[in-house]
Amino acid sequence: MMRPTLQCPCNLNYCETVFRYDAPPPGEMRIDFGAQTYQRAYLRCALCRHWYSENPLDLSRLYDSAYVSATYGDRFRETFQRILALPPEGSDNAARVARVLQFARAKNLPSHKAPTLLDIGSGLGVFPYRMKEAGWECTVLDPDARAVEHATTVVGVRAIKGDFLTITPEQVGTFELVTFNKVLEHVLDPVRMLERATGFLRTNGWVYIELPDGEVASHHGSQREEFFIEHHHVFSAGSLNMLAERAGFLTLSVERLHEPSGKFTLCAFLAPKSLSPAAP
Ligand SMILES: [Zn+2]
């Protein structure tokens, strides 16, 4: 079994099992595991309060199609339209766009050209669509061919099918902003993925991340969506900071959100340590 890692100093030595699952919680995607019995757990590090999934089930082919089908039911366009039609106060994305635009204003980007954004794991593309409306030039990267087709034809942004662990800046370009909206919890080694973002940043560029907040969600029990099977990691404010540090970033700000959808989320703006000797 592949184990999740955060290169945490505790190295899983100070973890305790907090939640055990022998059936999917309500609302979790249904995956056909064949003869394997559904059994998994979440361990929590007593030092940094990070949550590691202990999951012997085979998720290796999850993102080939099962995740996308289970999440969007092959109805990209309808789901995209439905989310776009949400009133701003009911939309996680509207608040996200407002946060990013406010941060960008404080950065005083040159006004003679459109700022550029690379969104990793774009899914439905609601975020790049709204950022495009706000005058940004958006590129999205997704491993799923249907997501890429949807981003090109419906969302109307530049879309690339690929894996962020192997794609290069020569292929994609460099950007003022790289975003990971609820992406890093899905990979076994989020440090390795986040550290690659540095190579895609322009001078004074920065990174925005959103992660599930296990510290708050755990107070509401084991059945919360933050602890669904597709998350190898669930974060604490401490482990978010450690993730950033290990990946070569300085955490500029962290915020705890209770989003309109009900999700408990940590969001943060990060600057690469190599390019930003001083925080703004
Ligand atoms: Zn730890």
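Trainee: The axes of α3 and helix α4 (residues 126-133) come within 10 Å and cross at roughly 50°. What makes α3 oblique to α4?

Mentor: Angles under 35 degrees count as roughly parallel, over 145 as roughly antiparallel, 65 to 115 as roughly perpendicular and the rest as oblique. The crossing angle of α3 and α4 is roughly 50°, so α3 is oblique to α4. The axes are lines fitted to C-alpha atoms, for helices over the stretch in contact, with angles from 0 to 180 degrees between N-to-C directions. Please note that this is a predicted model, in which local features need pLDDT of at least 70 and side-chain atom pairs count only at pLDDT 80 or more, while totals for chains, interfaces and linings use all residues. Residues are numbered from 1 along each chain as its sequence is written, and side-chain values use heavy atoms, with hydrogens and water left out.

Trainee: What is the handedness of the crossing in which α3 passes α4, and which residues of α3 meet α4?

Mentor: The crossing is right-handed; that term applies if the near helix is turned clockwise from the far one by less than a right angle, and left-handed applies if anticlockwise. With contact taken as heavy atoms within 4.5 Å, N93, R96, V97, V100 and L101 of α3 meet V126, F127, R130 and M131 of α4. By class, these residues divide into six nonpolar, one polar and two charged. Here Ala, Val, Leu, Ile, Met, Phe, Trp, Tyr, Cys and Pro count as nonpolar, Asp, Glu, Lys and Arg as charged, and the others, Gly among them, as polar.

Trainee: Which residues of α4 are buried, and against what do they pack?

Mentor: V126, F127, P128 and M131 are buried, a term for under 20% relative accessible area, with exposed over 50% and partly exposed in between (1.4 Å probe, protein chains only). They pack against α2, α3, β4 (116-120), β5 and β7. α4 is followed by G135, with a positive phi near 100°.

Trainee: What is the order of the strands in the open sheet, and why do β6 and β10 stand at the edges?

Mentor: The seven strands have the order β6-β5-β4-β7-β8-β11-β10, with mixed pairing. β6 (158-161) and β10 (249-258) each have a single partner strand, so one side of each is left without a neighbour in the sheet. Neighbouring strands are turned by 20° against each other on average, direction ignored. Helices (H or I, at least four residues) and strands (E, at least two) are DSSP runs, numbered from the N terminus.

Trainee: Is R49 buried or partly exposed, and what of K182, buried or exposed?

Mentor: R49, in the loop between β2 (40-45) and β3 (51-54), has a relative accessible area of 32% and is therefore partly exposed. K182, in the loop between β7 and α7 (190-195), has 17% and is therefore buried. K182 touches R96, E210, E259, K263 and T265, not counting residues up to four places away in sequence. Phi is positive in R49, near 65°, and in K182, about 55°. Most residues other than glycine have a negative phi.

Note on methods:
Two strands pair if DSSP finds at least two bridges between them.
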